[in-house]
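Have the model open beside you as you read.

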Amino acid sequence: MKVSIVALALVSVPCVALAESGQDWKLCTADDADDPAIFACTRLLQTNDLRQEDRAVVYYNRGAAHWRKRDFDAAIADENEAIEINPKLANAYMRRGAAYGDQGDIDRALADADKAIEIDPENMRAYSNRGLFRERKGDIAGAIADATRAIEIDPKFYNAYSVRGNAYVRGRDYARAVADYTTMIEIDPKKAYAYAARAYAYSQKGDDEPAMADASRAIEISLNDVWGYRVRATVYLHKRDFDRAIADSARITEIDPNNTFAKKARAEAYGERWRLYSR
């Protein structure tokens, strides 16, 4: 299960910001206003009255907005500027590492996460990101340790539980994975991802009924949740309910026409159904 990489950290508005620039500062540091944030940060950078440390903060936040838009090259460029101005800005390394990780450059991503933690040992996002990068390198124990450290810093940090849960799944420790996904649901019961993730862990344990319930809940929350349909199709195959397995596989193909799982699952369901009724 992929998990997307989390590197969200707001920086407070500098006290030297001019009153007339207050709205730009507010937008620049927002984590839910991507294009407006980019425009606001750019306007701030075009002024000549920013202290250098504040300029680094603006580059960092503009990089954050680019990262959220999945423009990783632009994010890296802005974080490079932030780091050049202020080499002690831990979140700039954390953010740049997230962008490198999303580009598949895991070695650089790990190096930046290491640097962020060296500067700020309490940077929970850097620990969570490093855990994700370690899991991708096959270091399951390291991934669990880093995610656990992030959770120790903030027991409500949703994404650290995701990183650790996924590492547990990869290590086939499904009971602990279920526990972490359950905590994610308790923190935010409105996100489909945690239900789909827990459904997968349940299915790997052979617990078809809770897997089915969680997969269906994920689909209720997000009608295009491919992972929910995938888990549910798998459970239907286990239960030899081939018609429903075919229906869910077809739905996956509607959402993602190139999904190889859906093609294989549907072919398997058709084959098994034919064998069942041709006897």
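**A helix among helices**

Ten of the 14 residues of α11 are buried, so the rest of the structure largely encloses this helix. Keep in mind as you look that the model is a predicted one. The buried residues are Ala 192, Ala 194, Tyr 195, Ala 196, Ala 197, Arg 198, Ala 199, Ala 201, Tyr 202 and Ser 203. What lies over them? The cover includes α9 (158-170), α10 (174-187), α12 (208-221) and α13 (226-238).

Now follow α11 from end to end. It runs over residues 192-205, and at 1.5 Å a residue its 14 residues should span 20 Å; the C-alpha atoms at its ends are 20 Å apart, which agrees. Just beyond the helix comes Gly 206, with a positive phi of about 85°.

Next, turn to one of the covering helices, α10. Two packed helices are described by the distance between their axes and the angle between them. Here, the axes of α10 and α11 come within 9 Å and cross at roughly 160°. An angle over 145 degrees counts as roughly antiparallel, and α10 and α11 are therefore roughly antiparallel to each other. Their crossing is left-handed.

Which residues make this contact? From α10 come Tyr 174, Ala 175, Ala 177, Val 178, Tyr 181, Thr 182, Met 184 and Ile 185, and they meet Tyr 193, Ala 194, Tyr 195, Ala 197, Arg 198, Ala 201, Tyr 202, Gln 204 and Lys 205 of α11. By type, the residues of the contact of α10 with α11 are 13 nonpolar, two polar and two charged.

Technical notes: Residues are numbered from 1 along each chain as its sequence is written. This is a predicted model: local features need pLDDT of at least 70, side-chain atom pairs count only at pLDDT 80 or more; totals for chains, interfaces and linings use all residues. Side-chain values use heavy atoms; hydrogens and water are left out. Helices (H or I, at least four residues) and strands (E, at least two) are DSSP runs, numbered from the N terminus. The expected span of a helix is 1.5 Å times one less than its number of residues. Buried means under 20% relative accessible area, exposed over 50%, partly exposed in between (1.4 Å probe, protein chains only). Contact means heavy atoms within 4.5 Å. Axes are lines fitted to C-alpha atoms, for helices over the stretch in contact, and angles run from 0 to 180 degrees between N-to-C directions. Angles under 35 degrees count as roughly parallel, over 145 as roughly antiparallel, 65 to 115 as roughly perpendicular and the rest as oblique. A crossing is left-handed if the near helix is turned anticlockwise from the far one by less than a right angle, and right-handed if clockwise. Ala, Val, Leu, Ile, Met, Phe, Trp, Tyr, Cys and Pro count as nonpolar, Asp, Glu, Lys and Arg as charged, and the others, Gly among them, as polar.
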